[in-house]
There are 2 protein chains.
Amino acid sequence: MEKVNVAEKFDLFSNYWSPKIAVELNDSCIKLVKMKGEFVWHHHEKEDELFLVVKGRLLIELRDGEFRIGPGEFMVIARGVDHLPVAEDEVHVILIEPKTTLNTGNVVGDKTIANLWKI
Amino acid sequence: MEKVNVAEKFDLFSNYWSPKIAVELNDSCIKLVKMKGEFVWHHHEKEDELFLVVKGRLLIELRDGEFRIGPGEFMVIARGVDHLPVAEDEVHVILIEPKTTLNTGNVVGDKTIANLWKI
C-alpha cells in the first residue's frame with residue numbers, strides 16, 4: 001500500500017486523452033487523464049463513468065444539454081448516455097470506472113487506447 | 001444526471017464519522033465524511049477502501065506503520081488490513097467503496113452507522 005499524490009502523478013505524463021491507471025480497488029479503477037481539445041462523441045454500453053476535475057474546466061456536451069465542471073466538482077455519466085468531453089484549455093481529470101472501460105466507448109477508432117499504463 | 005460540487009456538499013452536514021452518499025456508480029459508492037478525533041481499529045473483510053483527502057490532514061495508522069495524507073492525496077486500504085483513522089483537526093474525505101461497506105468494518109459498535117443518508 002502506498003500514498004498517491006495526484007498532482008505528482010499528473011507531472012509524470014503529458015499526452016492528452018490517454019488515461020493512466022493510478023490504482024485499482026474492488027471492481028473499479030482510478031484513472032488520471034489530461035484533456036485538451038475536443039474528444040469524440042461516444043457512450044459506454046455497460047459502465048457508468050465518473051469525471052472529477054482537479055485542474056482546469058471541462059465541458060461535457062450531451063445530446064440534450066451540457067455541463068461545465070471545474071476543480072472540486074464531479075459528475076457521473078450513466079451507461080448508455082452519449083457524451084462529448086471538450087477542454088478549451090488543458091484539464092486534469094480523475095476518472096472512476098471499471099478497468100475495462102474503453103476511453104472511446106462504443107466508437108473504436110484512432111483515439112481508442114486499449115492498453116492503459118499504470119503510473 | 002447532475003454536477004456535484006464537493007465543497008458545497010460538505011457544507012450540508014457537520015457530524016463526524018458519519019459518511020454520506022454523494023453518488024453511486026457501477027458497484028461503487030462515492031461517500032463524503034468529516035473526521036475529527038480518533039476512530040476505531042477495524043478492517044473490511046471483503047472490500048478495499050479508498051481515502052481521498054480534500055481538506056485537512058489525515059493520519060491512517062496500520063499495525064506495522066502509518067500514513068499521513070493531505071489534500072490532493074489518496075490511498076487504498078486493501079481488504080483485510082486493520083487501520084485506524086485519526087484526525088487531529090477536522091478532515092474532509094472522499095471515500096470510494098461499495099455502498100454496503102460498514103464504516104466500522106468488522107467492529108460493530110456505537111460508532112457503526114448502518115443506514116447512510118444521500119446528500
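Author: Residues count as in contact if their C-beta atoms, placed from the backbone, lie within 7 Å. The model discussed here is predicted.

Reader: How many residues does the contact take from chain A and from chain B?

Author: The contact takes 26 residues from chain A and 26 residues from chain B. Strand 1 (3–5), helix 1 (6–10), strand 2 (20–25), strand 6 (65–69) and strand 7 (73–77) of chain A each supply at least two residues of the side that touches chain B. Strand 7 of chain A gives the largest share of that side, five residues. By residue class, the side of chain A that touches chain B has 16 nonpolar, four polar and six charged residues.

Reader: How do you know that the copies meet through the same surface?

Author: Of the interface residues of chain A, 100% are also interface residues in chain B, so the surface is the same in the two copies.

Reader: What relates chain A to chain B when one is superposed on the other?

Author: A rotation of 180 degrees, with 0.0 Å of shift along its axis, superposes chain A on chain B at an RMSD of 0.0 Å. The two copies are therefore related as by a two-fold rotation axis.

Reader: What makes strand 7 of chain A and strand 1 of chain B a pair?

Author: Two strands pair if DSSP finds at least two bridges between them. Strand 7 of chain A and strand 1 (residues 3–5) of chain B have three bridges, in the antiparallel sense, so by that cut-off they pair. In one of these strands, strand 1 of chain B, B:Lys3 is the bridge partner of A:Met75.

Reader: Which strand of chain A does strand 2 of chain A join, and through how many bridges?

Author: Strand 2 of chain A is joined to strand 3 (residues 28–38) of chain A by five bridges, and the two run antiparallel. A:Ile21 has A:Lys31, in strand 3 of chain A, as its bridge partner. The two strands form a hairpin with two residues between them, and A:Asn26 in the turn has a positive phi of about 50 degrees.

Reader: What pattern does chain A follow along the sequence?

Author: Chain A has one helix and eight strands, in the order β-α-β-β-β-β-β-β-β.

Reader: Why does the radius of gyration of chain A agree with a compact globule?

Author: A compact globule of 119 residues would have a radius of gyration near 14 Å, and chain A has 13 Å, so the value agrees. The C-alpha trace of chain A spans about 40 × 25 × 25 Å along its principal axes. Of the contacts in chain A with a separation of 6 or more, 65% are between residues 24 or more positions apart.

Reader: Which residues have the most contacts inside the largest nonpolar core?

Author: That core has 49 residues, and those with the most contacts inside it are A:Phe51, A:Leu58, A:Val93, B:Phe51 and B:Val93. Not counting residues up to four places away in sequence, the residues that A:Val93 touches include A:Val33, A:Met35, A:Phe51 and A:Leu58. Buried residues make up 37% of chain A.

Reader: Why is B:Ser18 called partly exposed?

Author: A residue is buried with 20 or more other C-beta atoms within 10 Å and exposed with 12 or fewer. B:Ser18 has 17, which falls in between, so B:Ser18 is partly exposed. B:Ser18 is placed in the loop between helix 1 (6–10) and strand 2 (20–25) of chain B. B:Ser18 touches B:Val33 and B:Ile113, not counting residues up to four places away in sequence.

Methods: Residues numbered from 1 in each chain as written. Chains lettered and ligands numbered in written order. Predicted model: local features only at pLDDT ≥ 70, side-chain atom pairs only at ≥ 80, totals over all residues. Helix = DSSP H or I, 4+ residues; strand = E, 2+ residues; numbered from the N terminus. Nonpolar A, V, L, I, M, F, W, Y, C, P; charged D, E, K, R; others polar. Least-squares fit on C-alpha atoms with pLDDT ≥ 70 in both. Core = buried A, V, L, I, M, F, W, Y, C linked by C-beta atoms within 7 Å. Rg over C-alpha atoms; globule rule 2.2 N^0.38 Å.
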